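I opened the notebook today to look up charged pairs and a side-chain contact. Here is what I went through, entry by entry.

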Amino acid sequence: MKNETVAVIGYGVQGPAQSLTCGTTASTSSSARHPGSSATGPRINDGWVPGKTLFEIEEAAERGTIIQMLVSDAAQKAIWPEIKKHLKKGDAVYFSHGFSSSTRTRPA
């Protein structure tokens, strides 16, 4: 992974452990956030630097060669268009939650 750039999308329960671990093995690791995200403070406390390793979602997705989707299923569906348009041939995306679907229905 030393030639990869990991873009971490989401910083909830799984975010700190997974993103900080990847940061020790990848050449570059970045964390993504929506403007005004409540997780900005914890990211900065964990060593992410705005404009250097902490970016808004689209910029992180553009920089990343591996995209970590560490957001809820509802957030995955909402931000997928922002991520998808920045994927390049050879990029990898992985999901820590895999239950989102635009066609899934739930029993009443």
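**Entry 1, K85.** I started with K85, which counts as exposed because its relative accessibility is 58%, over the 50% cut-off. A reminder to myself: this is a predicted model.

Which residue forms a salt bridge with K85? I found E58, with the closest N and O atoms 3.3 Å apart. E58 sits in helix α3 (residues 57-63) and K85 in the loop between α4 (73-84) and β5 (92-95), so this pair ties together parts that are 27 residues apart in sequence. I also looked up the accessibility of E58: its relative accessible area is 30%, so E58 is partly exposed.

I then turned to E59 and R63, whose side chains meet in a salt bridge at 2.9 Å, N to O. These two are four residues apart in helix α3, so about one helical turn separates them. Both ends came up partly exposed: E59 has a relative accessible area of 37%, and R63 is at 42%.

My next pair was D91 with K88, a salt bridge of 3.4 Å, N to O. K88 is partly exposed, at 36% relative accessible area.

Is T53 buried or exposed? I noted buried, because its relative accessibility is 18%, under the 20% cut-off. T53 is in the loop between α2 (40-45) and β3 (54-56). A polar atom of the T53 side chain lies 2.7 Å from the backbone nitrogen of V49.

Methods: Residues numbered from 1 in each chain as written. Predicted model: local features only at pLDDT ≥ 70, side-chain atom pairs only at ≥ 80, totals over all residues. Heavy atoms only, no water. Buried < 20%, exposed > 50% of the residue type's maximum accessible area, 1.4 Å probe, protein only. Polar contact = N/O pair within 3.5 Å; in protein donor to acceptor, adjacent residues only side chain to side chain. Salt bridge = Lys/Arg side-chain N within 4 Å of Asp/Glu carboxyl O.
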